[in-house]
Number of protein chains: 4
Amino acid sequence: MSETNPKQEEETMQIGMIGLGRMGGNMVQRLRAAGHEVVGYDRDPEVSDVEDLAELIGRLEAPRTVWVMVPAGEATQATVSELGAMLEPGDLVIEGGNSRYTDDVPNAALLAETGIGYLDCGVSGGVWGAEGGYGLMVGGDADLVAHAMPIFDALRPAGPRGEGFTHAGGVGAGHYAKMVHNGIEYGLMHAYAEGWELLQTGGVVTDVAGCFKAWTRGTVVRSWLLDLLVKALEEAPDLAGVDEYTTDSGEGRWTLEEAVSKSVPMPVLAAALFARFASRQPNSPSMQMVSALRGQFGGHAIVRSE
Amino acid sequence: MSETNPKQEEETMQIGMIGLGRMGGNMVQRLRAAGHEVVGYDRDPEVSDVEDLAELIGRLEAPRTVWVMVPAGEATQATVSELGAMLEPGDLVIEGGNSRYTDDVPNAALLAETGIGYLDCGVSGGVWGAEGGYGLMVGGDADLVAHAMPIFDALRPAGPRGEGFTHAGGVGAGHYAKMVHNGIEYGLMHAYAEGWELLQTGGVVTDVAGCFKAWTRGTVVRSWLLDLLVKALEEAPDLAGVDEYTTDSGEGRWTLEEAVSKSVPMPVLAAALFARFASRQPNSPSMQMVSALRGQFGGHAIVRSE
Amino acid sequence: MSETNPKQEEETMQIGMIGLGRMGGNMVQRLRAAGHEVVGYDRDPEVSDVEDLAELIGRLEAPRTVWVMVPAGEATQATVSELGAMLEPGDLVIEGGNSRYTDDVPNAALLAETGIGYLDCGVSGGVWGAEGGYGLMVGGDADLVAHAMPIFDALRPAGPRGEGFTHAGGVGAGHYAKMVHNGIEYGLMHAYAEGWELLQTGGVVTDVAGCFKAWTRGTVVRSWLLDLLVKALEEAPDLAGVDEYTTDSGEGRWTLEEAVSKSVPMPVLAAALFARFASRQPNSPSMQMVSALRGQFGGHAIVRSE
Amino acid sequence: MSETNPKQEEETMQIGMIGLGRMGGNMVQRLRAAGHEVVGYDRDPEVSDVEDLAELIGRLEAPRTVWVMVPAGEATQATVSELGAMLEPGDLVIEGGNSRYTDDVPNAALLAETGIGYLDCGVSGGVWGAEGGYGLMVGGDADLVAHAMPIFDALRPAGPRGEGFTHAGGVGAGHYAKMVHNGIEYGLMHAYAEGWELLQTGGVVTDVAGCFKAWTRGTVVRSWLLDLLVKALEEAPDLAGVDEYTTDSGEGRWTLEEAVSKSVPMPVLAAALFARFASRQPNSPSMQMVSALRGQFGGHAIVRSE
């Protein structure tokens, strides 16, 4: 917690955090380290400060600020609905999950019916954000953003506010920015991964892990992801024991769909996303067909699966 | 052999065929059906008409025409070299294998040293060419092409000469045309294969094989490859038992390398070629790295391979 | 109109056709040539047989069959709604436009409220279908399909019913099949297009148009699209005067979105679709950024646009 | 020159630098700041310390170390040849240009004939390396690497040697590593560029430049290239005036060719490279063909170029 922003300690707030998992739990610690008063709620009573949402709301003074940090989709929607029924005019909900940006306008409209404010916030940094701070992208009205700024300042990395925080636009813009951020991330990861495969396969560079480590400083390709890649190779030399099977949490798909709807070519993202799909196929149907076709016209041998 | 070109029977030739495998053997039958006199040589004495190249050459009257139809690469180069040492000025070598076009100019130069002519010929049609005729793409001097035309006419499909045969250009142009033909073929096959995978996976179309069959007439996507696809699905419903593992014989790679050297974007070919590479990887190294990276920053679970 | 199916002439029907544009107008001619009685309606009084939908419906005996062949989207939805208010129980609507398959279940439900049947039909073949017949993919209940079969038989190519026609599945399956058909079409066209560009650029094949013409028979890549390509090169040698600017009518996008939602890798389709997007960009924003980045780290010269 | 490695100042060397352009010139300054004695030669007498190669060699005491930093290809090959004829047994040539790794083994063999040592060195960091140090990847014998280590230590960034420097393997491994490094760089740049295009086009994020700036700290996508992107947007808001036209210096092509020869799928690199090719085409031939094909079957309007 070494890199919090000292000046923010002067202006502290009260906040409710709903969802104390890997992300929410770490964020609470970072907020408390900055002097904020946090009441946390989680379905798991082991980690929860309160028994239920009603108690959480009761423990906060109006106007309240509540941060929702639960799994995107149904869980988030259910929580926002409940808050709409329980909070009061003037309260503020910050939706910080990995939600699709198209959920935000309906969420904001729902809460506005009872005078509750709404901000959406994309949060980047993963498990490392606890220490160094999270990259934050916020969507919503400027006055609500200003009101919650002490919270954002505590969560973002120390240093100039514009590096690590952006008020990206109106409602939805925070999650939109996070969506594109993750789409870029897909491409970056796959670019490194391809290069690693070629170095491993090529056989010319004899110390592949050392080569990646050497790239971490001075080169054009240096980055935080590269630092993680070096760490991964140290933990599992040659990635022995790591399976290709890779899931996706939706943001790559949403980005590609948004690109398609806006006529924006994103071949790098598409390639990275398709490689994930393929990593989960034990026997690619497309390639079964290519093999079968070659067998038809060329008499090429078809490999039979067991 | 129902579709040979009757008018060609008037002008028959003598030809030596070296290599009596799936392609060469079928071509000999088609040539003989058209009235040509063929002496065939193969390393396998079971199928060979002569004991060795010397006997083959001895059985042909000068000026001789010899068609080389052996595996591309070393075998073809060795055969051309031997012919260069054994044939006489005025003889003609037609190199019809799946060779890289860059081999042709050196081959022609070698043979020209002793006054031997050279044509390169790309041959398409696979095992089906025996009956319907082969698509032929020829490179070399026009007078040599004219000389060998009765041979080409016998091999190509019946009908207008320009449909099924082209004198594509100078030495190498025949194999160059065949290379690009195969590069296109990669893309066509993968386009159908992708579509099949989506139909299979989508679950909306209940008779997928019937749908492909319906596309064979009247639609924009009808083609000979589609006919083969329908046949493949009839032989192996849902392609059960077909493994994704698919080899490549080099022409896709050559086409992509040529595209790179000429600054021509060929994303469709690249995608189809990379999918073949991936089909042979039991555990994609690139995706191992993507999985490892996600594990680093997000605490996403990594699947361990056994 | 030389290739209609003679046996169908025995069983003729009455049908209303809404939309007499390039597709609908041609289909009416083909239906009439097969002996069916067609009443056509179009907003353009010059081509319309009736003044309005009411008159069209009045001219048909119950139970009526009405084919909707108007632009996909709003126009189609409006027409289906109007028909729902005007037709009677037992009537049948066939929606044959280039609609998204997700529209079909709502359409069918709407019409079912008043006892009207619904079939969706994907129609392929373009302007050539008038003469050779259209490839048809139909979704909906089997009894409705059987009822309308004389119509489908008249529209499809002569020959076995399963080649040119498929009952693809339940409501929506016809448009789903057509969507995937068009997705495949994108890839096929781009595969040929890439190959053409390489042949043109490579400079080794001296008669590029002749080479494509030669591929139309005997080769693995022969297809109807290849025939059209040859025709296009005959009409505009080297495609002089043709601009790269290419629109898309939506089906490629829908197919890619469906692939993304079903985790199916479709890199060939994506490449073909992105190339269309790029063809409409006078100055690619992505490449502006790449150029700007290179200028930053390498001091590479940036080209300034005027 | 604030970040040199102080401990290296104890062990200083004499070195000749051939080529005093943007890279070589900066490197000389960095070497001199570290206490090394550098004699520089350039064809441009304004910047050269000596009149010709002979004088440069005369000014160095044997055993000499000479760094070649001239344009890759002919200029580099000519310089290595000249040095082979002028240097003495025991001298060392370090080839630091952006050369293809396949040149290195022949270069080393040529110099070995007269007892001259050879190292190849990939240098990354561009114009920024002067201040922060260059990322170095070296190929060749370990004893030669050890001998030249004071030079490498002066050029690389301050800090642990393994971060910023790697002895990547035998002769050629340095340029091989640099080749793959640049291949990765293509993908990284395009990933950011795509994301930028989507943010710009999407219209949801209202402060796009601010969003990228916010990503520079705390996020998963932070990197040095991202810092440069932010700088580029500050210098040219919305990249106004920047043309899409982007050249390539060969390393992306070499990486893709190596991937093809090693059966390694690199779709991200391929996409980035093809986008560069396309950026230089005023009228994409592929898309001309797609447009022409659509005109054939669908009667879609073809846009005519002027």
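User: What area is buried between chain D and chain A?

Analyst: About 5700 Å², and carbon and sulfur atoms give 70% of that. Buried area here is the accessible area (1.4 Å probe) that two parts lose on being put together, summed over both. This is a predicted model, where local features need pLDDT of at least 70, side-chain atom pairs count only at pLDDT 80 or more, and totals for chains, interfaces and linings use all residues. Residues are numbered from 1 along each chain as its sequence is written, and side-chain values use heavy atoms, with hydrogens and water left out.

User: How many salt bridges across the interface of chain D and chain A?

Analyst: The rule, a side-chain nitrogen of Lys or Arg within 4 Å of a carboxyl oxygen of Asp or Glu, finds 0 between chain D and chain A.

User: Switching to chain A. What are the domains?

Analyst: Domain 1 is 14-170 and domain 2 is 179-283; such bounds come from an automatic or database domain assignment. Their centres, taken over C-alpha atoms, are 30 Å apart.

User: How much do the two domains bury between them?

Analyst: About 770 Å², 59% of it on carbon and sulfur atoms. On the domain 1 side, A:Arg100, A:Tyr101 and A:Trp128 supply 63% of the area buried against domain 2, more than any other three residues.

User: Which residue does A:Arg100 form a salt bridge with?

Analyst: A:Glu257, with the closest N and O atoms 2.6 Å apart.

Technical notes
Chains are lettered from A and ligands numbered from 1 in the order in which they are written.
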